[in-house]
Amino acid sequence: MSCASQNCPPLGEHTCGVWRVDAGLASILSPVARPGATYYARMMDAAEVRRLCLGFPGAYEDFPFGPESSVFKVQATGGKAKMFALCALAGLPLTISLKCEPELARQLRAAHPQINGAWHMNKTHWNSVVLDDGLEDGLVRDLVEDSYDLVVASLPARDRESLAWKGLAGG
């Protein structure tokens, strides 16, 4: 990673909070961290999490576990709803559970103390992500998008078409 603003001294003394992902780090975190992507080190709040999750085609918020737990699901018209994110929006620290490919889940957990196996979920496929100032918003956005993509990829073809889904990584 390098300073995206190019105004800071070497990595250990970085102070502006804006990072650019280099190809080496992107290859470790791929497909989440994209080469050349810029990430801002600041904490995402509950309103931003809700807007992000509801911004995907067919996404909606549900409360099957009570009013304190927002479950974000995707559903095509006439199709079956599937969860792609779970978050206690009033929780401190703010934490979100997201679906993830198993190998990438292990790599993310090893690289970030804020990412662990999701509580009460299949820890092979679900990560719990603590949204503190140690994780860049861009990385969190990519993780949410990847979770959505993994769930939509598992839907029947007619549902994927109804959602106008472009495929994994927008391809």
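## Lys 73, tucked away

Let's start with Lys 73: with a relative accessible area of 17%, Lys 73 is buried (buried means under 20%, exposed over 50% and partly exposed in between, using a 1.4 Å probe and protein chains only). This is a predicted model, where local features need pLDDT of at least 70, side-chain atom pairs count only at pLDDT 80 or more, and totals for chains, interfaces and linings use all residues. Residues are numbered from 1 along each chain as its sequence is written, and side-chain values use heavy atoms, with hydrogens and water left out.

You'll find Lys 73 in strand S5, which covers residues 70-74. Strands (E, at least two residues) and helices (H or I, at least four) are DSSP runs numbered from the N terminus. The side chain of Lys 73 makes a polar contact with the side chain of Asp 62, at 3.1 Å. A polar contact is a pair of N or O atoms within 3.5 Å; within protein, one must be able to donate a hydrogen and the other to accept it, and residues adjacent in sequence count only if both atoms are side-chain atoms. Setting aside neighbours within four places in sequence, Lys 73 is also in contact (heavy atoms within 4.5 Å) with residues including Tyr 60, Met 83 and Phe 84.

## The strands alongside

S5 pairs with strand S6 (residues 82-87) in the antiparallel sense, over 5 bridges. Two strands count as paired if DSSP finds at least two bridges between them. Ser 70 has Cys 87 in S6 as its bridge partner.

S6 also pairs with strand S7 (residues 95-99), again antiparallel, over 3 bridges.

## A cluster of rings

How many aromatic pairs does the structure hold? There are 3. Rings of Phe, Tyr and Trp (its six-membered ring) pair if their centres lie within 6.5 Å; planes under 30 degrees apart count as stacked, over 60 as edge-to-face and the rest as tilted. Phe 56 and Phe 84 are edge-to-face, because their ring centres are 5.9 Å apart and their planes sit at 90 degrees. This pair links distant parts of the chain, 28 residues apart: Phe 56 is in the loop between helix H2 (46-54) and strand S4 (59-62), and Phe 84 is in S6. Phe 56 is buried at 15% relative accessibility, and Phe 84 is buried at 0%.

Phe 56 also pairs with Tyr 148: their centres are 4.5 Å apart and their planes at 15 degrees, so this pair is stacked. Tyr 148 lies in helix H4 (residues 137-153), so the pair ties together parts that are 92 residues apart in sequence. Tyr 148 is buried too, at 3%. Phe 56, Phe 84 and Tyr 148 form one aromatic cluster.
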